[in-house]
Amino acid sequence: MSDGEQAKPRRRRSRRRGRRRAQRAAGPPAGDQGNDAERHTDGPGEAPVSTANSAPTPRDQSKQRKSRPRRPPERLRTVHETSAGGLVIDGIDGPKDTQLAALIGRVDRRGRMLWSLPKGHIELGETAEQTAIREVAEETGIRGDVLAALGSIDYWFVTEGRRVHKTVHHYLLRFQGGELSDDDVEVTEVAWVPLRDLASRLAYADERKLAEVAGELIDKLHTDGPGALPPLPRSAPRRRPQTHSHARTHRRDDSAQPQPQPRRRTNGCGQGP
């Protein structure tokens, strides 16, 4: 070693280590106590974990959503409605090429004209056959007598917060008199349709099948007479009123005082327009 160089002092690691251990044992400085009070260490070698209230992570939020009980779906009240209607035939005893059937037409929400059989709800004290005669008269202006049952159609739909199960009984009727009229507020048009054209005119497949049954019964009537027709099913008068509105009004003259329009009710194969 030269004279100009001086020996460097030797580090005393053992003393410094001793001081650090003493400082750790004594605790943090006064200025850092507040920060250390907000965190702790779970063990040696682990990162400090904050105990302060922090915003939940997306993972925590998803866990909370999964842990919440799901709200059960709202249950709709189920009601059962029964209707009756019929296919009235003019010239039922003559050749099939000259036979006509009375149909009603209604405009749906898309502006289409839908043709169907006249029908309506069975009122209190009525049998299904009586309802069919009354509804045919009210919706077409035609009077008829029931000859045979064509069959029943049932379907479901939802309206006004209710789940409706509807059953419609259909009958074959013989024309007795009257003239076509569309005075019923629920009917847009009425028409005599040739029996052979029912398959292309009726809007609903179930009613087209009923028209086929009607054709078979008419053939049996021609060949074997009225006694060959199947007997009418037993129908008891209705004892309880149904859930639908009983109000029925007819179209008024312009000179009459304004009347509140009734709510359109379901009266056919599906929800009304």
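## Fold, cores and ring contacts in a predicted chain

E160 sits in the loop that joins strand β7 (142-159) to strand β8 (162-178), where helices (H or I, at least four residues) and strands (E, at least two) are DSSP runs numbered from the N terminus. The model is a predicted one, in which local features need pLDDT of at least 70 and side-chain atom pairs count only at pLDDT 80 or more, whereas totals for chains, interfaces and linings use all residues. Residues are numbered from 1 along each chain as its sequence is written, and side-chain values use heavy atoms, with hydrogens and water left out.

The phi angle of E160 is near 50°, a positive value in a residue other than glycine.

**Confidence and overall composition**

The mean pLDDT of the chain (the predictor's confidence in each residue, from 0 to 100) is 78, and 63% of the residues reach 70 or more. Over residues 33-51 the pLDDT is below 50, and this stretch has 13 contacts in the model beyond near neighbours in sequence, a contact being defined by heavy atoms within 4.5 Å. Residues 245-273 likewise have a pLDDT below 50, but there the model contains 60 contacts beyond near neighbours in sequence.

The chain holds six helices and nine strands. Among the contacts with a separation of 6 or more, 71% are made by residues 24 or more positions apart. The chain exposes about 18800 Å², of which carbon and sulfur atoms supply 47%; accessible areas come from the Shrake-Rupley method with a 1.4 Å probe, and for residues only the protein chains shown count as cover. Of the 273 residues, 33% count as buried, with buried meaning under 20% relative accessible area, exposed over 50%, and partly exposed in between (1.4 Å probe, protein chains only).

The table gives the relative accessibility of residues discussed in this report.

| Residue | Relative accessibility and class |
|---|---|
| E160 | 56%, exposed |
| F175 | 24%, partly exposed |
| W192 | 26%, partly exposed |
| P118 | 0%, buried |
| R134 | 18%, buried |
| V168 | 1%, buried |

**Nonpolar cores**

A nonpolar core is here a set of buried Ala, Val, Leu, Ile, Met, Phe, Trp, Tyr and Cys residues joined through side-chain atoms within 4.5 Å. The largest such core has 29 residues, of which L87, I89, I92, L103, L150, L172 and L198 touch the most other members. At least two residues of this core come from each of β3 (77-90), β4 (100-107), β7, β8, β9 and α6 (205-224). When neighbours within four places in sequence are left aside, I89 is in contact with Q99, L100, A101, L172, L173, R174, F175, L195 and I218. Another core, of eleven residues, lies apart from the largest one and includes I122, A128, Y171 and L173.

**Buried positions**

V168 belongs to strand β8 and, not counting residues up to four places away in sequence, touches S83, A84, K119, G151, S152, I153 and Y155. The C-alpha atoms of V168 and G151, which are 17 residues apart along the chain, are separated by 8.6 Å.

P118 lies in the loop between β5 (113-116) and β6 (119-121). Beyond four places in sequence, P118 is in contact with G85, G86, A102, I104, E135, V136, E139 and T140. The C-alpha atoms of P118 and A132, 14 residues apart along the chain, are 8.1 Å from each other.

R134, in helix α4 (residues 128-140), is in contact with H121, E123 and E126 once the neighbours within four places in sequence are set aside.

**Aromatic rings and charges**

Rings of Phe, Tyr and Trp (its six-membered ring) pair if their centres lie within 6.5 Å, and planes under 30 degrees apart count as stacked, over 60 as edge-to-face and the rest as tilted. By this rule there are two aromatic pairs. One of them, formed by F175 and W192, is edge-to-face, with 5.8 Å from centre to centre and 80° between the planes. This pair links distant parts of the chain, since F175 is in strand β8 and W192 in strand β9 (residues 189-194), 17 residues apart.

A charge sits over a ring if NZ of Lys or CZ of Arg is within 6 Å of the ring centre and within 35 degrees of the ring normal. R163 lies over the face of W156 at 4.1 Å from the ring centre, and R201 lies over the face of W115 at 5.6 Å from the ring centre.
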